[in-house]
Amino acid sequence: MLKHWHKSANTGLDIDIQEDWTRFTVGVTTNFAFGYDINVLEQEGDDSFQRHLETFLPVFNRRANAPFPYWHFFKLPSERKMEQSLAIIKETISTFVQQARKKLEQQAAREAEPANFLEALLLAKDEQGNGLTDVEIQGNIITILLAGEDTTAHTFKIGGILIFHRTQ
Ligand code: HEM
């Protein structure tokens with residue numbers, strides 16, 4: 001990101017600071033959650049994982065604050081788009097879950113030290129030795145992705161604006 005900013009500064013190009021911070025925090029959060037920077041794995045564009053998270057959050061917020069669950073009766077175009085994005089988010093998570101399961105099966109010694117949040121969830125057991133279900137794992141990963149990404153990106157942006165004004 002720093003390289004991209006230096007390049008833009010040297011060539012006088014505008015940058016979209018919110019978009020850059022969001023991309024950065026999606027990278028950090030997916031690294032923590034799955035052990036991969038998802039931005040390194042995919043191209044920018046309308047079908048990027050970041051775009052699907054961005055489609056999800058505003059509708060999620062609207063639903064969380066809605067006086068009644070209207071989406072059980074009718075769906076706005078943004079709701080339909082969000083549900084498509086959610087399906088892709090879930091599919092991506094399930095691919096990572098399958099990959100992590102395979103990796104853990106092959107490397108039993110890793111059990112003592114999970115390398116990321118997903119591995120920790122896959123290895124977690126209660127007193128009876130029961131692990132988490134796939135739905136519980138999926139829910140926890142979505143929580144971390146949503147809780148970790150937008151909050152941090154906006155805080156960075158506000159911090160940047162404050163520093164900029166202080167140094168003027
Ligand atoms: C500047 C950045 C952040 C801010 C301002 C922030 C803010 C908050 C707030 C206010 C809550 C409480 C929500 C409530 O109970 O009403 C919360 C909960 C939480 N945050 Fe953050 N957060 C930030 C970064 C992160 C990051 C980086 C992660 C993880 C990668 C994270 C994970 C969580 C989780 C798991 C919860 C609990 C959700 C639950 O109760 O199920 N947050 N955060």
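**Ground rules.** In this predicted model, local features need pLDDT of at least 70 and side-chain atom pairs count only at pLDDT 80 or more, while totals for chains, interfaces and linings use all residues. Residues are numbered from 1 along each chain as its sequence is written, and side-chain values use heavy atoms, with hydrogens and water left out.

**H4 and H5.** I looked up helix H4 (residues 49-64) against H5. Helices here are DSSP runs (H or I, at least four residues), numbered from the N terminus. The axes come within 8 Å and cross at roughly 125 degrees. Axes are lines fitted to C-alpha atoms over the stretch in contact, and angles run from 0 to 180 degrees between N-to-C directions. H4 and H5 are therefore oblique to each other (under 35 degrees is roughly parallel, over 145 roughly antiparallel, 65 to 115 roughly perpendicular, the rest oblique).

**H5 and H7.** Next I took H5 (residues 77-106) with H7 (residues 134-166). Their angle is about 115 degrees, with the axes 10 Å apart. H5 and H7 are therefore roughly perpendicular. From H5, Leu86, Ile89, Lys90, Ile93, Val97 and Arg101 make the contact (heavy atoms within 4.5 Å); their partners in H7 include Asp134, Ile137 and Leu145. I noted 8 nonpolar, 1 polar and 3 charged residues in this contact.

**Ligand.** Which residues are around the ligand? I found Ile144, Ala147, Gly148, Thr151, Thr152 and Thr155 (a heavy atom within 4 Å). This shell has 2 nonpolar, 4 polar and no charged residues; Gly counts as polar.

Conventions:
Helices (H or I, at least four residues) and strands (E, at least two) are DSSP runs, numbered from the N terminus.
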